[in-house]
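Here is a short walk through one model, from ring pairs to charges to helix packing. Have a look at the sequence and the fold, then read on.

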Amino acid sequence: MVWFLGLGISGLVLLVLSLVFDGVWEGVLDGFGGGLDGFLSLPVIAGFVSALGFTGALVMGTTGTGAGVATGAGVVAGGVVGWVTWRFSRVLMRDGAASAPRGEDLTGTSGAVVTAIPAGGYGEVLLRLAGQPVKYAAKADAPVARGTEVWVESVLSPTSVTVRPVER
């Protein structure tokens, strides 16, 4: 039973180390079909070894059967845990992130003038890009006072926009 508990604890230690070192050891298993989404990734192996050890110890301690039956039950439980871990990691890796916000996404959004915009010159507006406040240089057809709410008509460059006051 001590061997089974040792396997279970070793699997947990391996899991913690794979999380702490985040992929440093994954390269060792790449030649065997490993990698972050491979069936031989460290989290999958750690889950298998832990389930094998703890299930084997549980079966051996509660039923009084021999090491062979405990090992068989542990291998089955380890296979199930390893497969579930592999499927779960594939689902997480397949979940693509949203595309990065672009300047063109600003067209049609509203903001506020933080530095007055003179006729024929540039001022500054505070806009929200992907939920984050961002300050842009702004140009308008007519002078716009500080604090005025504006709409973005077009994007001139990555750091400047054309705006017009909001009419209510």
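## Rings, charges and helix packing

A search of the whole structure turns up zero aromatic pairs, where rings of Phe, Tyr and Trp (its six-membered ring) pair if their centres lie within 6.5 Å, and planes under 30 degrees apart count as stacked, over 60 as edge-to-face and the rest as tilted. This is a predicted model, with local features needing pLDDT of at least 70 and side-chain atom pairs counting only at pLDDT 80 or more, while totals for chains, interfaces and linings use all residues. Residues are numbered from 1 along each chain as its sequence is written, and side-chain values use heavy atoms, with hydrogens and water left out.

Arginine 87 lies over the face of tryptophan 86, at 5.9 Å from the ring centre. The rule here asks for NZ of Lys or CZ of Arg within 6 Å of the ring centre and within 35 degrees of the ring normal.

Now the overall layout. The chain has three helices and five strands, and read along the sequence the pattern is α-α-α-β-β-β-β-β. Helices (H or I, at least four residues) and strands (E, at least two) are DSSP runs, numbered from the N terminus. Of the 168 residues, 29% count as buried; buried means under 20% relative accessible area, exposed over 50% and partly exposed in between, with a 1.4 Å probe and protein chains only. The accessible surface of the chain comes to about 10200 Å², and 66% of that belongs to carbon and sulfur atoms. Those areas come from the Shrake-Rupley method with a 1.4 Å probe, and for residues only the protein chains shown count as cover. As for contacts (heavy atoms within 4.5 Å), residues 24 or more positions apart account for 50% of those with a separation of 6 or more.

How many salt bridges are there? The count comes to two, taking a salt bridge as a side-chain nitrogen of Lys or Arg within 4 Å of a carboxyl oxygen of Asp or Glu. Here they are:

| Glutamate 124 | Lysine 135 | 3.8 Å |

In the pair at 3.8 Å, glutamate 124 sits in strand β2 (residues 122–129) and lysine 135 in strand β3 (residues 132–139), eleven residues apart. Glutamate 124 is partly exposed at 31% relative accessibility, whereas lysine 135 counts as exposed at 52%.

On to the helices. Leaving out residues up to four places away in sequence, glycine 56 touches Phe4, Ala51, Ala70 and Gly74. The C-alpha atoms of glycine 56 and glycine 8 are separated by 8.9 Å, although the two are 48 residues apart along the chain.

Serine 50 is also in helix α2, and it is buried at 8%. Beyond its neighbours within four places in sequence, serine 50 is in contact with Leu7, Gly8, Gly11 and Leu12. Glycine 47 lies in helix α2 (residues 42–63) as well and counts as buried at 15% relative accessibility. The C-alpha atoms of glycine 47 and tryptophan 83, 36 residues apart along the chain, are separated by 9.1 Å.

From the side of helix α1, serine 10 is partly exposed, with a relative accessible area of 42%. Its C-alpha atom and that of valine 49, 39 residues apart along the chain, are separated by 7.5 Å.

Last, the greasy bit of the surface. Met1, Leu5, Ile9, Leu12, Val13, Leu15, Leu19 and Phe54 form a nonpolar patch with about 690 Å² of accessible area together. Patches are made of residues with over 30% relative accessible area and no salt bridge, with like charges joined within 9 Å and nonpolar side chains (Val, Leu, Ile, Met, Phe, Trp, Tyr) within 5 Å. Helix α1 (residues 2–20) gives the most to the patch, with six residues. Leucine 12 is found in helix α1 and is partly exposed, with a relative accessible area of 41%.
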